[in-house]
Amino acid sequence: MRLDIMAGLQRLGRSLMLPIAVLPVAGLLLRLGQPDLLDIAFIADAGNAIFANLALIFAIGLAVGFANDSNGAAGLAGVVGYLVLDAVLHTLNEDINMGVLSGIIIGAVAGLLYNRFKDIKLPDYLAFFGGRRFIPIVTGLVAVILGGVFGVIWPSVQVGIDLLGQWLIDAGELGLFVYGVLNRLLIVTGLHHVLNSFVWFVFGSFDGATGDLNRFFAGDPSAGSFMAGFFPVMMFGLPAAALAMYHAAPKGRRAQVGGLLLSLALTAFLTGVTEPIEFTFMFLAPMLYLIHALLTGTSMVVMSLLDVKLGFTFSAGAFDYALSYGLSTNGWMLIPVGLVYFAIYYGLFRWTIARYDLPTPGREPETAEPQGQPRDLGERGPAFVRALGGAANLTSVGACTTRLRLILEDSQAIDETALKQLGSRGLMRLRNGGIQVILGPIADGVADEIRAAMAAEGAAPRTPPQAAASGVAAPSDTQCLPAEQVERWLAALGGAENVREATAVAMTRVRLRLGDAAALDEAALLALGARGVQHIEAGLVHVLLGERAEGVASGLSRS
């Protein structure tokens with residue numbers, strides 16, 4: 001599979017969502033146990049236990065998120081790796097404090113090691129430790145090496161991070177404005193999670209807690225500036241934008257878009273999940289999105305000038321506002337500031353839409369196909385697979401909080417109209433076949449349904465059309481591989497004796513049953529023209545080739 005830096009960062013952003021999803025329950029328990037609420041110490045300690053072990057939780061979450069099949073063995077490896085890394089660093093230099101970065105780094109390493117070694121075969125006398133059992137072992141060994149390396153270099157890195165974080169904090173309103181604008185602009189790429197992980201969990205220190213979010217709930221009176229500015233935007237600004245888009249739609253089409261915009265506005269107000277509403281105008285009317293990004297930056301500045309400190313464990317919605325209000329500074333000022341932002345968003349959006357005739361929901365050209373029709377949930381997965389070009393077109397399926405993150409063999413094969421009918425709020429095309437489909441909070445469930453539908457289809461691979469009549473492959477002479485090419489393919493697959501079975505499936509893939517999948521040389525396969533390699537299960541591999549799949553499979557079968 002072709003990966004670049006952007007794809008790797010997007011995978012990191014997606015994986016960060018698993019451990020971040022734990023924070024709401026931690027914040028709820030910690031807050032409810034405080035003296036001004038239930039005053040029950042063990043409930044507060046239960047919540048604090050999660051905050052105190054965030055690095056370990058991130059190690060588990062990142063390991064599972066990076067593992068191709070999200071197997072629990074990767075999570076166990078993340079635990080082992082983190083404990084070893086932490087012990088080594090503590091022994092070498094007690095002043096080193098990597099915070100959650102240690103969990104993020106070792107979690108990603110554990111997930112990548114899982115993908116590389118999960119099918120490894122060891123000699124018979126060590127066979128018990130082969131396969132997935134090998135992952136925690138190799139992760140622990142790598143963690144020892146990383147601990148030694150970080151023990152030497154991290155003090156300097158730590159100084160650099162501290163200086164950067166301190167600059168962002170000391171820069172005051174300028175730093176807040178830059179952060180607010182970047183936070184919104186990076187949503188387009190999905191990399192805002194990476195930026196947030198530094199601001200919320202790394203920058204700044206108070207009584208052992210690092211990051212604006214951790215310091216806020218640890219009682220740091222200076223924390224909360226990098227979260228407070230989101231509340232006026234998410235609870236008031238974006239719902240006002242939805243109302244402006246509703247009023248800007250022709251009267252005859254308001255009923256068509258009213259339910260959609262109302263649900264998106266309520267989602268933003270209550271939970272702080274804003275991507276579904278942002279993607280309704282991000283690409284259709286980028287001018288509005290630029291205004292939205294700038295208003296987010298100014299909101300951060302205004303809340304800071306008013307000395308408002310607010311925090312959240314998930315996002316800046318009404319639920320988190322109520323939860324953290326008791327820890328806030330001047331939290332009541334959100335209401336008047338929010339009402340002012342409601343008026344600003346409504347006025348700017350309504351005027352800009354009318355002035356520049358922007359195609360916001362209800363104003364876009366009408367199509368014959370209605371959008372967003374409900375479907376039987378049991379049919380949703382197969383419907384998405386069809387809309388995405390079929391199972392053979394899907395190389396990788398993942399999801400974060402609000403979007404599907406996919407890698408396709410042919411990104412032009414998708415049916416955008418069908419995706420809109422299934423509830424898509426927007427579509428982003430990336431390099432190397434990557435696409436993101438904006439769905440809202442249902443994205444993770446839809447990803448599971450897509451994978452289930454693909455597994456069901458994979459149980460009965462489709463026969464290529466040219467072989468349908470006889471039921472066997474019958475490639476033409478021009479499709480068959482020359483002898484020297486066959487030898488190169490066999491060498492890349494670990495030798496002729498390692499290839500147990502080679503079959504063309506789904507018209508574009510070679511399905512390989514290997515004696516030892518670890519002997520496969522992916523770099524050599526890519527050099528031979530493979531577009532990607534997908535590990536299905538122990539010893540079973542799919543090589544993505546496109547039109548050459550049948551000829552390669554035939555050549556390997558005859559060798």
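**Reading a predicted model**

Colleague: Over residues 459-479, how many contacts beyond four places in sequence does the model have?

Modeller: It has 21 for that stretch, and pLDDT stays under 50 over it. pLDDT is the predictor's confidence in each residue, from 0 to 100, and contact means heavy atoms within 4.5 Å. Where pLDDT is low, the predicted coordinates should not be read in detail. Residues 367-375 also stay under 50, with 11 such contacts. Over the protein, the mean pLDDT is 82, and 87% of residues reach 70 or more.

Colleague: What ground rules apply to this predicted model?

Modeller: Residues are numbered from 1 along each chain as its sequence is written, and side-chain values use heavy atoms, leaving out hydrogens and water. As the model is predicted, local features need pLDDT of at least 70 and side-chain atom pairs count only at 80 or more, while totals for chains, interfaces and linings use all residues.

Colleague: How many of the 559 residues count as buried?

Modeller: Buried means under 20% relative accessible area, with exposed over 50% and partly exposed in between (1.4 Å probe, protein chains only). Here, 52% of the residues count as buried.

Colleague: Which residues have the most contacts inside the largest nonpolar core?

Modeller: In soluble globular proteins, nonpolar side chains tend to be buried together. A nonpolar core is a set of buried Ala, Val, Leu, Ile, Met, Phe, Trp, Tyr and Cys residues joined through side-chain atoms within 4.5 Å. The largest here has 92 residues, and Phe-58, Trp-200, Phe-201 and Tyr-345 have the most contacts inside it. Helix H12 (residues 230-248) gives the most to this core, with 13 residues. Helices (H or I, at least four residues) and strands (E, at least two) are DSSP runs, numbered from the N terminus. Apart from that core lies another, of 26 residues, including Ile-435 and Val-437.

Colleague: Which residues of helix H2 are buried?

Modeller: An α-helix has 3.6 residues a turn, so residues three or four places apart point the same way. In H2 (residues 23-32), the buried ones are Leu-23, Ala-26, Gly-27, Leu-30 and Arg-31. They cover an arc of only 120° around the axis, so they sit on the same side of H2. That arc is taken from the directions from the helix axis to the C-beta atoms.

Colleague: Is Ser-299 buried or exposed?

Modeller: Buried, with a relative accessible area of 0%. Ser-299 sits in helix H15 (residues 286-305). Neighbours within four places in sequence aside, Ser-299 contacts Gly-229, Pro-232, Val-233 and Tyr-341.
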